[in-house]
Amino acid sequence: MIQQLDELKTKALQELGTIQDEKELESWRVRYLGKKSLLTSTLRSLATLPIEERKSAGTRANQLKTELENGLQEKEQALREAQFTSGTQQEILDITLPGRPLPTGRLHPITQTLNEICDIFASMGFQISEGPDVEWDYYNFEALNIPDEHPSRDTLSTCWVEPKAESGEYNMLLRTHTTAVTARVIEKMEPPIRVIGLGKVYRYEATDATHLPMFHQIDGLAVDKGITLADLKGTLYEFARRFFGEDRKVRFRCDFFPFVEPGVEMAIECLACNGKGCRLCGYSGWIEILGAGMTHPEVLKRGDIDPDKYGSFAFGIGIERLPMLRYGIDDIRLFYGNDLRFLRQF
Ligand code: DAH
C-alpha cells in the first residue's frame with residue numbers, strides 16, 4: 001500500500017505542476033482529494049489492514065493528504081497572483097469605476113432657512129446676535145412695554161421656569177419671542193444699531209398641524225438717526241423679494257404690538273393661488289408672515305436711548321412658516337419628527 005501511495009504522490013504532484021487555470025485545479029482537487037479519490041478510499045480501507053501495516057500506512061496516507069493540500073493551496077495562490085499581474089483581474093477590480101458614495105449629513109431645513117435669512121439681512125448691514133432661551137421676565141415682557149395684565153403674560157401661553165413668588169410675581173421663563181434678544185441689545189449697544197436676534201421660542205400650547213410648543217423666530221432691530229417707517233418698509237420689502245422671489249407682492253397693514261408704535265403686519269401674496277384666493281390663505285389672497293413697527297419710545301428709553309434723537313424700527317418673523325409656504329408643507333410637526341424621508345428632501 002505504501003508503494004501505491006508513493007506512486008500516487010508522484011503522479012499527483014506532477015499533474016499539479018502542469019495546471020494552468022482554476023478549472024483544471026478544481027478537477028485535480030476532486031481527483032486527488034475528493035470523496036471518491038484514491039487517497040480517501042485508502043484512508044477508509046485502513047481499518048481493514050492488520051495493525052502493524054495500519055500504523056505505517058496510516059501515517060503515510062495522512063502525510064500525503066497534507067502534502068497534497070499544501071500543494072493545492074500554493075497553486076491557488078500562484079494562479080491568483082499570475083492572474084492579477086496579467087490583468088485578467090480587471091473584471092474584479094476596475095479602478096476606473098467611481099467610488100461608492102458615502103452617506104453625508106445635511107443641515108436641517110429650519111437651519112437652512114435661518115442661514116438664508118441671516119445672509120439676506122447680513123447683506124443689508126445687520127449683525128447676528130443670540131440670547132438665552134431661559135429668559136428673565138424683564139427682557140421678555142417688561143422691557144418691551146408689555147404690562148402685567150397683557151394676555152401674553154397669561155400662564156396658558158408662557159412656560160414659566162420659576163414658580164410664582166409670594167409677591168405674586170414670576171421672574172424666569174422660556175422666552176416666548178426673540179424680541180427678548182433685541183431688548184437686551186437695546187440695553188447693551190449704542191446706536192447706530194442693526195441687529196438680528198434669532199433662536200428657539202416656547203409657548204405653552206397644544207400641538208397640531210400649525211402649532212408646536214417650540215419653534216424658531218428671527219427679530220430685527222435698527223436704531224439710528226433719522227430712521228423712518230420708509231426704512232422699515234424698504235428693508236422688509238427687500239427681504240420678501242429675496243426670499244420669496246422678485247414678483248411676490250407685499251402688503252402692510254396696521255397691527256398692535258406693545259413694543260412698537262405704530263405697529264404693522266406684513267403679508268405676501270398667497271404662494272398657492274397667487275392672490276386669487278384659496279383654502280391656504282382663507283380666500284383672502286394674502287398670507288401674513290411677520291409683525292413689525294417703529295420701536296416704542298418707552299422701550300428705547302429703558303435702554304437709555306433718546307427717542308427724540310434716534311428713530312428705530314423692529315420686526316419679528318416666525319421661521320417654520322416660511323419653508324412651509326415655500327414648499328407647500330402642510331404639517332409643522334414634520335420638521336421635528338426625525339423622519340429622514342422628509343428631511344432628505346431639503
Ligand atoms: N414678538 C412678536 C410675536 O412673537 C412678533 C413681533 C412683532 C416682533 C412686531 C417685533 C415686532 O419685533 O416689531 O408675535
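1. The model is predicted: local features need pLDDT of at least 70, side-chain atom pairs count only at pLDDT 80 or more, and totals for chains, interfaces and linings use all residues. Residues are numbered from 1 along each chain as its sequence is written, and side-chain values use heavy atoms, with hydrogens and water left out.

2. Gly 245 follows H8, with a positive phi near 115°.

3. Buried residues (under 20% relative accessible area, 1.4 Å probe, protein chains only) in H8 are Leu 232, Thr 235, Leu 236, Phe 239, Ala 240, Phe 243 and Phe 244. They sit on the same side of H8 because they cover an arc of only 135° around the axis; the arc is taken from the directions from the helix axis to the C-beta atoms.

4. Phe 243 has 3% relative accessibility; Phe 244 has 10%. Their ring centres lie 4.9 Å apart with planes at 75°, so the pair is edge-to-face (centres within 6.5 Å, planes over 60 degrees apart).

5. Arg 326 lies over the face of Phe 243, at 4.0 Å from the ring centre (CZ of Arg within 6 Å of the centre and within 35 degrees of the ring normal). Arg 184 lies over Tyr 139 at 4.3 Å.

6. Leu 212 is in the loop between strands S4 and S5 (strands: E, at least two residues). Leu 212 is buried at 10%. Its contacts (heavy atoms within 4.5 Å) include Ile 332, Arg 333 and Tyr 336.

Note on methods: Buried means under 20% relative accessible area, exposed over 50%, partly exposed in between (1.4 Å probe, protein chains only). Helices (H or I, at least four residues) and strands (E, at least two) are DSSP runs, numbered from the N terminus. Rings of Phe, Tyr and Trp (its six-membered ring) pair if their centres lie within 6.5 Å; planes under 30 degrees apart count as stacked, over 60 as edge-to-face and the rest as tilted. Lists of a residue's contacts leave out its neighbours within four places in sequence.
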